[in-house]
Amino acid sequence: MIRLHDQDGSGTIDFAEFSQLHHFLISCQQSFHTADRDRSGSLSKEEVYAALQAAGFCIDAPAYDALFLSFDPDRSGSLHVDEFIAACVTLQGLSRCV
């Protein structure tokens with residue numbers, strides 16, 4: 001996460017970069033909690049898709065299926081907040097221009 005928010009390539013993050021990281025994490029958590037309508041503490045596959053869209057990620061069905069499986073290691077069919085944030089971090093990293 002630090003590498004993704006280290007805009008100047010220094011290997012560390014300054015306060016402004018930390019602030020952006022914090023905003024990103026809060027946004028992910030808010031998307032998760034908004035999508036967790038039943039307040040179970042986890043999101044179903046459908047809820048994860050809605051939460052990712054709310055977080056600003058656009059992903060097609062085949063890529064989404066692969067992503068979901070990657071972040072559901074116990075194959076429970078749902079993601080907890082930490083797994084959801086990890087998926088968001090991965091999508092953010094994949095969407096950065098090189």
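First, the conventions. The model is predicted, so local features need pLDDT of at least 70 and side-chain atom pairs count only at pLDDT 80 or more, while totals for chains, interfaces and linings use all residues. Residues are numbered from 1 along each chain as its sequence is written, and side-chain values use heavy atoms, with hydrogens and water left out.

The overall fold, then. The chain has five helices and two strands; these are DSSP runs, H or I of at least four residues for helices and E of at least two for strands, numbered from the N terminus. In sequence order the pattern is α-α-β-α-α-β-α. The radius of gyration is 14 Å, close to the 13 Å from the globule rule for 98 residues, so the chain is as compact as a globular protein of that length. That radius is taken over C-alpha atoms, and the rule is 2.2 Å times the number of residues to the power 0.38. The C-alpha trace spans about 40 × 25 × 25 Å along its principal axes. Of the 98 residues, 35% count as buried, meaning under 20% relative accessible area, with exposed over 50% and partly exposed in between, for a 1.4 Å probe and protein chains only.

Next, the core. A nonpolar core here is a set of buried Ala, Val, Leu, Ile, Met, Phe, Trp, Tyr and Cys residues joined through side-chain atoms within 4.5 Å. The largest one has 22 residues, and those touching the most other members are Leu43, Val48, Leu52, Tyr64, Leu67, Phe84 and Cys88. Helices 2 (15-35), 3 (45-54), 4 (61-70) and 5 (81-95) each supply at least two residues, and helix 5 gives the most, with six. Leaving aside residues up to four places away in sequence, Cys88 touches Phe24, Cys28, Leu52 and Phe57, a contact being heavy atoms within 4.5 Å.

Now the charges. How many salt bridges does the count come to? One, with the rule being a side-chain nitrogen of Lys or Arg within 4 Å of a carboxyl oxygen of Asp or Glu. Lys45 pairs with Asp65, with the closest N and O atoms 2.8 Å apart. Lys45 is in helix 3 and Asp65 in helix 4, so the pair ties together parts 20 residues apart in sequence.

Last, Glu47, also placed in helix 3. Glu47 is buried yet has no salt bridge, and the nearest side chain of opposite charge, Arg37, is 6.1 Å away. Lys and Arg count as positive, Asp and Glu as negative, and His and the chain ends are not counted. A polar atom of the Glu47 side chain does lie 2.8 Å from the backbone nitrogen of Ser44.

Conventions: A polar contact is a pair of N or O atoms within 3.5 Å; within protein, one must be able to donate a hydrogen and the other to accept it, and residues adjacent in sequence count only if both atoms are side-chain atoms.
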